[in-house]
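Welcome! Please have a look at the model below, and then read on for a short tour of its inside.

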Amino acid sequence: MPPGSPTGEKDTSQPQQQWKTNSQEKFDSRTQIRQQPRYPSTEILELRGSPDPVCQSLENPQGAEKLAVGLEGDSDKCHESASELPELLHISNLWYCPDGSFIKKIVTCGQGVDKPKLGSRCRVLVVGLPFGSGLPEGWTELTLGIGPWRAGTWGELIEKCLESMCQGEEAELQLPGNCEPPIRLTLASFTQGRDSWELEASEKEVLAREERAKGTELFRAGNPEGAARCYGRALRMLLTLPPPGPPERTTLHANLAACQLLLGQPQLAAQSCDRVLEREPGHLKALYRRGVAQAALGNLEKAAVDLKKVLAVDPKNRAAQEELRKVVIQGKKQDAGLAQGLRKMFG
């Protein structure tokens with residue numbers, strides 16, 4: 001999609017072209033891989049402590065894997081020629097989001113070490129957004145963790161980027177492999193926010209309910225990707241509460257599983273259903289969705305077990321009847337194929 005036209009900016013087409021070329025080269029090079037993120041976002045730090053499937057679905061594990069492959073030892077540095085030193089100094093201005101979703105180039109360094117947190121109201125200049133991003137261009141105020149501006153893909157990326165910026169910092173945000181000009185962000189100022197662990201339990205539950213309501217609205221509007229982000233944020237908020245946590249976690253995991261199935265992520269959907277069934281073994285929606293996920297993964301016996309449990313409680317459940325019928329047909333096809341293979345082998 002064509003980018004938005006910068007307003008009040010001087011012509012930067014040549015630097016942008018150089019930045020696009022350089023960022024792609026460095027993203028695939030060994031020099032880039034050695035560059036570690038210096039300012040991981042608050043959201044990413046909170047996710048590292050939990051193997052929850054929420055983290056896997058909302059982050060990009062392939063992108064993170066690409067950043068890790070080919071890591072080389074520090075001994076290579078002594079073999080680099082003096083001509084490479086300016087290049088190394090140049091890439092120190094690059095910051096790679098830990099989940100691999102974007103690259104940030106620091107154009108102007110900010111002041112101090114403090115960064116926006118949950119609830120921080122940020123005064124931001126945004127230039128170069130693609131058409132249809134749903135976000136305002138120019139000067140605007142964005143509150144981290146609050147507001148519908150975070151629902152879209154660009155809102156999520158800009159929020160992550162702001163969490164890594166200092167006051168007065170100007171940066172360019174580029175998607176890996178994207179040939180469009182980068183988005184330019186300037187963080188003029190921000191109010192003091194709080195880390196999630198500083199919030200009271202009641203505050204976390206209120207924020208989680210807001211995210212859940214927003215996710216349900218997006219799901220009904222046919223946007224499972226946006227809904228999954230909202231359900232994931234709600235779960236990350238509730239996961240910081242002491243066990244066993246509020247019962248709402250069960251509903252959020254079940255809703256997230258529905259999104260993951262629509263997004264073609266059956267493995268993650270099955271894991272989300274496991275979380276539900278650990279707390280409520282008879283949860284019919286989770287049993288049904290795990291059955292559908294297992295069938296998609298080719299685990300037909302496990303799928304049949306879950307679907308039969310649903311029908312044992314609700315014999316008239318048409319969705320479960322139809323899925324079980326498909327599983328039975330697929331199982332017969334597999335058996336026939338196996339039998340044919342054995343006949344060819346021993347016939």
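## About the model

This is a predicted model, in which local features need pLDDT of at least 70 and side-chain atom pairs count only at pLDDT 80 or more, while totals for chains, interfaces and linings use all residues. Residues are numbered from 1 along each chain as its sequence is written, and side-chain values use heavy atoms, leaving out hydrogens and water.

## Rings and a charge

Rings of Phe, Tyr and Trp (its six-membered ring) pair if their centres lie within 6.5 Å; planes under 30 degrees apart are stacked, over 60 edge-to-face, and the rest tilted. By this rule there is 1 aromatic pair. The ring centres of Trp95 and Phe102 are 5.9 Å apart and their planes meet at 50 degrees, so this pair is tilted.

Both Trp95 and Phe102 are buried (under 20% relative accessible area with a 1.4 Å probe, protein chains only; exposed is over 50%, partly exposed in between). The charged end of Lys104 sits over the ring of Trp95, 5.3 Å from its centre; this label requires NZ of Lys or CZ of Arg within 6 Å of the ring centre and within 35 degrees of the ring normal.

## Nonpolar cores

In soluble globular proteins, nonpolar side chains tend to be buried together. A nonpolar core is a set of buried Ala, Val, Leu, Ile, Met, Phe, Trp, Tyr and Cys residues joined through side-chain atoms within 4.5 Å. The largest one here has 23 residues, and Ile158, Leu162 and Leu185 have the most contacts inside it. Helix 7 (153–162) is one of the elements that give two or more residues to this core, and its share, 5 residues, is the largest. Helices (H or I, at least four residues) and strands (E, at least two) are DSSP runs, numbered from the N terminus.

Apart from this core lies another, of 19 residues, including Cys273 and Ala286.

## Cysteines

How many disulfides does a search of the whole structure find? It finds 0, where a disulfide is a pair of cysteine sulfur atoms within 2.5 Å. The sulfur of Cys97 is 8.5 Å from the closest cysteine sulfur, in Cys161, which is too far for a bond. Cys97 counts as buried, at 0% relative accessibility.

## Helix 8

Helix 8 (residues 201–220) has 20 residues, so at 1.5 Å a residue it should span 28 Å, in agreement with the 29 Å between its end C-alpha atoms. The expected span is 1.5 Å times one less than the number of residues. Among its buried residues are Leu207, Ala208 and Leu218. After helix 8 comes Gly222, with a positive phi near 85 degrees.
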